[in-house]
Amino acid sequence: MSTTARTVLAVATVFVLLCATASAKTSAGAALYDLDCASCHGQTLAGRSGMGPSLRGVGAGPVDFYLSTGRMPLQDPRDEPTRSPPLLNARQRSAVTSFISSFGGPPAPSADPQAGNLSAGQHLFTSDCAGCHQVVARGGLTVGADVPDLRAPSARQIAEAVRMGPYLMPRFGPRQLSQRQLDSLVRYVLWTRRPDNAGGWSIDNLGPIPEGIIAWLLGMAVLALIARLIGERTDA
Amino acid sequence: MSRAQRFVSWNEQRFGSAKGVRWLLRYVFPDHWSFLLGEVALYAFIVLVITGIFLALFYQPSDTHMIYHGSYTLLDGQQISEAYHSVLNLSLTVPAGLLMRQTHHWAADVFLAAIVLHVMRVFFTGAFRKPRDVNWFVGLTMLMLAIFEGFAGYSLGDDLMSGMGLAIAYSVAMSVPLIGAQLAHLLWDGSFPGGSDFLPRLEIAHALLIPAALAGLISVHLALIMRQHHSQFPGRGRKESNVVGTPMWPGYALRSIGLLLAVAGILFLLGGLVQINPIWQWGPYEPYLSTNGAQPDWYIGWLIGALRLMPNFEPTIAGHTPIPNPFWGGVAFPGVVFTILFFWPAAERRFSGDRRRHDLLDRPRDKPQRTALGAALLSWVVLIFAVGAADRVSFRLNISYAAQIHVWRVGVWVVPVVVYLLSLSAARALQRSGAHPLRGSPRVRLRRRPSGEFELVDAGSPSPEIHERSGGHGERRCERTTE
């Protein structure tokens, strides 16, 4: 055999082996899909009305987001998906992701926080996100949904959520938010985990509600106690 | 002559001050710890003035925008107002600036808390009755001014939270029937977020006009107390005609100075250790920016609760909206509460038929109707206040927001009735039993005689100062009892 033929054969072997691995992974993913997802999203990923949307063409991002944050599978399709320990381990999730993304769709989004600008991220977050997520990303309530505290998700999960818009959250595609803006946004969200608490005890960076509790319990209550100790009581 | 004598005679020859000083030093304070709550408010006010002067040296009331290039990288390159910039610098660059700002803010929160507790003490002990009804009006006026004062201060920073608070205040001003639009336009120097005169006006109100009014009213408040003398709880040796307690010197002044130091100490400790209103985290305000869970300081919380709780009631008549919805929660609700409080002394005189002068206080149980109605009013306000945080309750405890609002729209009318009935029966039960609500039944000391029989021993108390009133003519005689 010529060198060329040998090279071709080697490349072909590697390709076949890779395909086999991939298809093994895909078929493992298909089995997991049938077990954990198909009851709502349908055997053919076409979705079932009133149960779950079609997953054809969603790509890897949403699948990874929902599975790695434990939001899927849902016990009841009417529930609001909330963050919980993932049901599938990393290998299983990757298998399901490659199975679902084999039906097409964009590649998984990602973000590089180091490439972002913190100040730009803060401004983007306050104009587009803080209305629901709270300015220091501590979460809150909006009409129809709980808005999660953003101290838990990874940079990748944040990027996936921004690009997809899970549940009631709006979707921010590349036309609304460039990759660099996304990097900045993620950088800011990661910053909020350890914000600059120059004033001391942060009391959760929530503002007036914990401040009022402290004012009454550590301020007024202690002073009332002192008044009680140094003041007299009636002998009546 | 000793140095002290020389000092006294120096003063006496110039000011003739000996008589007044003697009167002041012999002024008798009736003793009860709850009388100190008003003093806590007074001392918090002093801390507010001192820290406020410091802050005023650095604050810039200007909405001119600039691009920030300071030490704080989070906001580097952003458009911010000079007002926000000055508070940012005050917080992060000026030495001791953050300590002063935080102490000022904690002092405001505690100032209002102490006033509210003091008002409750005065109400539930009937200290607002003739001749102290005028001082009750002075006190309530100060409470209203203090609420405005706190809100104005919170709004000066031009940060995200203060801007959102002003947006709500603007809507409430707009909602006043007939004159609302002009009123808001006048106050804000234009439509929201206001013209360039707005922040200077707010600063003059916050740093000069309202504090001056408060200082003047505090003087009137204290002068009236000195003139009319303190009221006191009934007890051994205490009559309508005397005042039993500790004289200013050497007893009461030291205790009061101790309380001043305690108030200042706690407020500066809070200011140094616990972060409050971190405006560098909120960022600057622009009308298109917002944050979830924005809240006012606690003493405005009752109005936020009322705005949230008020059903969507906004009738339109011939294309006009005579009373926009924010009016009910933002204006009518506090208006009703303060009207009740202002008219209470007159109403009580009328309904009880008791128009006499009262220098002896009631215990809450002594007037079950007053106590029960007051408790009902208080529970009404406190519930509406608590509903202002329903979103946080929903988020933390997973109780549906809509369900909370539906329940409390009924609950704020039911709970006060229940509180009224419970307080009424509690007051009556305490009246019958004579027990102390916290300490239980009065302790009785018995002594056993050698013969075996028991006799009642009165627990003697240290001899207090007695100050005889003489018919309210201002002449007073001090004497020490020798029991």
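Which residues does Ala44(B) touch, not counting residues up to four places away in sequence? Select Ala44(B) and you will find that it touches Ala107(B), Val110(B), Phe111(B), Ala114(B), Val263(B) and Leu267(B), where two residues are in contact if their C-beta atoms, placed from the backbone, lie within 7 Å.

Before going further, note that this is a predicted model, in which local features need pLDDT of at least 70 and side-chain atom pairs count only at pLDDT 80 or more, while totals for chains, interfaces and linings use all residues. Residues are numbered from 1 along each chain as its sequence is written, and chains are lettered from A and ligands numbered from 1 in the order in which they are written.

**The cores**

Next, select Val40(B), Ala44(B), Val110(B), Phe111(B), Ala114(B) and Val263(B), which touch the most other members of the largest nonpolar core, a set of 130 residues. Such a core consists of buried Ala, Val, Leu, Ile, Met, Phe, Trp, Tyr and Cys residues joined through C-beta atoms within 7 Å, and a residue is buried if 20 or more other C-beta atoms lie within 10 Å of its own. Helix H5 of chain B, residues 97-124, gives the most to this core, with 16 residues; helices are DSSP runs of H or I with at least four residues, and strands are runs of E with at least two, numbered from the N terminus.

**Helix H16 of chain B**

Now move to residues 401-433 of chain B, where helix H16 has a kink of about 45 degrees centred on Gly411(B), the bend being the angle between axes fitted to the seven residues ending there and the seven starting there. Among the buried residues of H16(B) are Trp408(B), Val412(B) and Pro416(B), and its buried residues pack against helix H12 (301-309), helix H14 (368-387) and helix H15 (390-397) of chain B. Just after H16(B), Gly434(B) takes a positive phi of about 75 degrees.

**Chain A**

Finally, colour chain A by secondary structure, which comes to 9 helices and 2 strands, and then by domain: the assignment, which is automatic or from a database, gives domain 1 (1-106) and domain 2 (109-197). The centres of these two domains of chain A, taken over C-alpha atoms, are separated by 26 Å, and the contact takes 10 residues from domain 1 and 13 residues from domain 2. Along its principal axes, the C-alpha trace of chain A spans about 110 × 40 × 30 Å.

Terms used. A residue is buried if 20 or more other C-beta atoms lie within 10 Å of its own, exposed if 12 or fewer, and partly exposed in between; C-beta atoms are placed from the backbone.
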